[in-house]
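Work through the exercises below with the model open. Try each task before reading its solution.

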Amino acid sequence: MTVMTPSAHAVAVFESVESLLEGAEQREDWKTADSLSGSRFERVVIDGVPLVVKYSSLENDWIMRATGDLGGRQLRLLTSPVLETLPTCIDHAIVGCAPFTDLGGSRGVALLMRDVSDAMIPSGTEPIEMQQHRGFIQDMATMHAAYWGFHDDGGLCPLSHRYVMLTPTMAELEAETPRGDPVPPAVADGWRRLHERCPADARRLRKLAAEPWPLVAALQAGPQTFIHSDWKLGNLGRDGSRTILLDWDRPGEAPPLVDLAWYLAVNCDRLPETKEATIDAYRSALESAGIPTTAWWDGQLAPALVGAFLQLGWSKTGDATEFGWWSERLAAWRP
């Protein structure tokens, strides 16, 4: 197959994994520290070009199970025209895809991607460079502006499913299976610590986790766009002036600030500036892209931040300052 250039967003669709990987000269298993979903990876060489294959199925990917993906979400995205209008500042690195069925019969997708390892943000604990960070924020706003008013009619990830993904219920359900993925037990432990150390916040967050409808309703009252959902640094890289954005496993229709709030929450340890400065930078970038924000900003920012706290508050109890920042947002929000 012909490996596409980074400027092309269309993805070649194949009937099978065999045809997707036809002509592969080398194949070897591969795993990275940021591969936390349970999906299997291979490194392959086709026509002398190094590539990466990701195999996701309902059986091996806990994120698919937790977000109600029965096996077809990414394939629906990649066979639809949605990504054809992705701004040129975003590089998804996917060159081909095919339906995939694992040994247990679970459906999913195989993704063939350019090997962009050298351009990804390295793992670590130090803040990333300001230029990288602001580049991500600028490109996030550009993407959201390009899809302003997006409506999902193709079966992507519903807004409500984002807020049941990292809950005690998910962890309990996963504990009943023999799969052994590390994230669900970590979520269970985190929620236990949350209850022990911050019982008032834990009670309110547990209520929202069980009944997220007030949060979802507040977020659906504002403008919608197409979001990626996982702007964590492990999925991000810079290639010149372009943002590499991997793992399109739960994109869909949602308020733009859902992406921003997740970015703030999941990357909190490595931000080179305050959350407030990052929020202001995103708003300025959105305004510069032609999106007025005055009418809806405050009403959307508050629930978006509460939603990110619902998703990741369990992981923040070890840092009083970080937890306190999010706790204040929860206390101030009233549905």
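## Exercise 1: an enclosed helix

Helix α9 (residues 256-266) is largely enclosed by the rest of the structure, because ten of its eleven residues are buried. Buried means under 20% relative accessible area, exposed over 50%, and partly exposed in between (1.4 Å probe, protein chains only). Helices (H or I, at least four residues) and strands (E, at least two) are DSSP runs, numbered from the N terminus.

The model is predicted: local features need pLDDT of at least 70, side-chain atom pairs count only at pLDDT 80 or more, and totals for chains, interfaces and linings use all residues. Residues are numbered from 1 along each chain as its sequence is written, and side-chain values use heavy atoms, with hydrogens and water left out.

**Task.** Which residues of α9 are buried?

**Solution.** 
1. Start with P256, L257, V258, D259 and L260, which are among the buried residues of α9.

## Exercise 2: a residue in a strand

**Task.** Is T243 buried or exposed? Describe its surroundings.

**Solution.** 
1. Locate T243 in strand β10 (residues 242-245).
2. Check the cover: T243 has a relative accessible area of 0%, so T243 is buried.
3. List contacts (heavy atoms within 4.5 Å). Leaving aside neighbours within four places in sequence, T243 touches C89, I90, D91, G135, F136, D139, W231, L236, G237 and R238.
4. Look for a polar contact, a pair of N or O atoms within 3.5 Å; within protein, one must be able to donate a hydrogen and the other to accept it, and residues adjacent in sequence count only if both atoms are side-chain atoms. The side chains of T243 and R238 make one at 2.5 Å.

## Exercise 3: a residue in a loop

**Task.** With which side chains does the side chain of D115 make a polar contact?

**Solution.** 
1. Find D115 in the loop between β7 (107-114) and α4 (130-146).
2. D115 has a relative accessible area of 25%, so D115 is partly exposed.
3. Beyond neighbours within four places in sequence, D115 is in contact with R43, P50, L51 and V52.
4. The side chain of D115 pairs with that of R43 at 3.2 Å and with that of S117 at 2.5 Å.

## Exercise 4: the whole chain

**Task.** How many helices and strands are in the chain? What percentage of its residues count as buried?

**Solution.** 
1. The chain has twelve helices and eleven strands.
2. Of its 335 residues, 56% count as buried.
3. Among contacts between residues at least 6 apart in sequence, 72% join residues at least 24 apart.
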